[in-house]
Amino acid sequence: MTVNPARPAPGDSPGTPPEAGGAPDDYLERRALRRGSAGWLLLTGLGVAYVVSGDFSGWNFGLAEGGFGGLAIAMVLMGIMYGCMVFSLAELSSVLPTAGGGYGFARRALGPWGGFLTGTAILIEYVLAPAAISIFIGDYVESLGLFGLTSGWPVYLFCFVVFIGIHLWGVGEALRFSFVVTGIAVTALLIFAVGAFTRFDAANLNDIPVDASAFGSNSWLPMGLLGIWAAFPFGMWFFLGVEGVPLAAEETREPARTLPKAIRWSMAILVVLALLTFFASAGSRGAAAIQDAGNPLVEALQPDGEPTTLSRIINYAGLAGLVASFFSLIYAGSRQLFALSRAGYLPRFLSLTSRRKAPYLGLLVPGAIGFGLAAATGDGARMLNVAVFGATISYALMSLSHIVLRRREPELHRPYRTPGGIATSSVALTLACAALVATFLVDVVAAVIALVVYGVAVAYFGFYSRHHLVAKAPEEEFAALAAAEAELDRG
């Protein structure tokens, strides 16, 4: 760990005597979150909120890549990856309950470079995903004819201003709002499943034309065996974001007990929703009919193309699902930025908190970037593909962190232990690497964009910020204590 003990942090009070890491006496006081704001129920709602918009749209494009069978296998494999990963994260969050989440875990296991690489990958995911979802919200608003608005920058700006404003009000209020909106979306998914299953026909599942030139192709795998791999990123959409639950660690009551419970319950609910949504949609209308639809659940309920009462309800509920995910991803991005900034990996002024203990710059800066990208490009699909690329890198590094800590620190106190231990996280690591490669099969441009952004961030860390880390930040203190204990053991 490299720190600069002599230089005050930008954004801190001038003239304040610095301590280790160039941080003044009141450094952490000015970067404090509101403790004890959430229990396991609100955190479970947060975990579902991160993901629920993916049930309403996006996953169905995987049908065009692999057909029903290809996407089904991809969904199962990605579900296994997420399941193994969240069990690993449950253990890590009970050991290191800080706002850094995955970055904090990797910092302890893989050192400053590993922490930064993981945190940056997570940040790419949580900055790009809300930008993409704001565009999808605009599309829904336009399709529903709400207030005569069309999808464009005024709608995107409204989303960022209003929902960031709620977060600035306070984390407790924000999580309760998210819980209510998520409840509406989940209820709508259950109603949709009941309605769609009344028209279920197994023959509809494999109605996509078979590509006879594809290796291993058949009616269930119309694009062949390679189609399974190409569908990986879309199978992820049923679970993408659930790994963000540990980012609420410092605002949680009894985090060592609460976080593992919330992570497990979130994943269990998401598995049920994924199975219901996937089978009901394809079996009701047909995989071919919904493979390119922007709102597949609505299409599944309109066999003649004419809106029904149920399809209108689901259309509005889809908007609620998008709002829930948009709102919660803003939260996740702000906490990841806050943790990286507080420890000096990013400019320190970004971690300052308000009187209501909200990281206001951690909310405003990513929000401004997200709005700018949405308004400038209007390409939500590409931004989501960039976000998926960042996510898969972080999954691999977080799974590796679990393996390293189990091997290097077997005696570390673990209030919760991952079932299967290293075998579980090894499965997650293997599948995460496969998913990372699959992103190149779907969108090479998005993967290259993510790599360029990643490269710029790595250069910043390598040339500047790794020399200005803050020793008193929680993640750095954990690492320093571990190093000291290791030194004593060697002595």
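Rings of Phe, Tyr and Trp count as a pair if their centres lie within 6.5 Å. I kept that cut-off in mind while looking through this predicted model.

**Entry 1: aromatic rings**

I looked for a cluster of rings first. Trp59, Phe68, Tyr82, Trp220, Phe238, Phe239, Phe278, Phe279 and Tyr395 form one aromatic cluster. Then I searched the whole structure for pairs and found 27 aromatic pairs.

I picked out Phe389 and Phe440. Their ring centres are 5.7 Å apart and the planes stand at 80 degrees. Planes over 60 degrees apart count as edge-to-face, so this pair is edge-to-face. Where do Phe389 and Phe440 lie in the chain? Phe389 is in helix 14 (residues 380-408) and Phe440 is in helix 15 (residues 422-442). The two are 51 residues apart, so I noted the pair as a link between distant parts of the chain.

I checked burial as well. Phe389 has 3% relative accessibility and counts as buried. Phe440 has 34% and counts as partly exposed.

Next I took Tyr460 and Tyr464. Their ring centres are 5.7 Å apart, with the planes at 40 degrees, so I logged the pair as tilted. Tyr460 is partly exposed at 28% relative accessibility. Tyr464 is partly exposed too, at 35%.

I also looked for a charge over a ring. The charged end of Lys261 sits over the ring of Trp40, 4.2 Å from the ring centre.

**Entry 2: nonpolar surface**

Phe440 came up again here. Together with Val444, Val448, Leu451, Val452 and Val456, Phe440 makes a nonpolar surface patch of about 500 Å². Which helix gives the most to the nonpolar patch? Helix 16 (residues 444-463) does, with five residues. I looked up Val448 as one of the patch residues. Val448 is in helix 16 and is partly exposed, at 40% relative accessibility.

**Entry 3: positive phi**

Most residues other than glycine have a negative phi.

Phe147 has a positive phi, near 60 degrees. Phe147 lies in the loop between helix 4 (102-144) and helix 5 (153-169). Is Phe147 buried or exposed? At 77% relative accessibility, Phe147 counts as exposed.

Lys357 also has a positive phi, of about 65 degrees, and is not a glycine. I found Lys357 in the loop between helix 12 (309-342) and helix 13 (360-377). Lys357 is partly exposed, with a relative accessible area of 32%.

**Entry 4: salt bridges**

How many salt bridges does the structure hold? I found six.

I started with Glu91 and Arg414. Their side chains meet in a salt bridge at 2.8 Å, N to O. Glu91 lies in helix 3 (residues 61-95), and Arg414 in the loop between helix 14 and helix 15. The partners are 323 residues apart in sequence, so the pair ties those parts together. Both Glu91 and Arg414 are buried.

Arg257 and Glu254 meet in a salt bridge at 3.2 Å, N to O. Arg257 is partly exposed at 46% relative accessibility, whereas Glu254 counts as exposed at 52%.

Then I looked up Arg382 and Asp443. The closest N and O atoms of this salt bridge are 3.1 Å apart. Arg382 is in helix 14, Asp443 is in the loop between helix 15 and helix 16, and the two are 61 residues apart. Arg382 is partly exposed, with a relative accessible area of 30%. Asp443 is buried, at 8% relative accessibility.

Last, I traced shared partners. Salt bridges join Glu91, Arg406 and Arg414 into one network.

Notes
Residues numbered from 1 in each chain as written. Predicted model: local features only at pLDDT ≥ 70, side-chain atom pairs only at ≥ 80, totals over all residues. Heavy atoms only, no water. Phe/Tyr/Trp six-rings, centres within 6.5 Å; stacked < 30°, edge-to-face > 60°. Helix = DSSP H or I, 4+ residues; strand = E, 2+ residues; numbered from the N terminus. Buried < 20%, exposed > 50% of the residue type's maximum accessible area, 1.4 Å probe, protein only. Lys NZ or Arg CZ within 6 Å of the ring centre and 35° of its normal. Patch = residues over 30% accessible without salt bridge, like charges linked within 9 Å, V, L, I, M, F, W, Y side chains within 5 Å. Areas by Shrake-Rupley, 256 points an atom, 1.4 Å probe, with all protein chains shown as cover. Salt bridge = Lys/Arg side-chain N within 4 Å of Asp/Glu carboxyl O.
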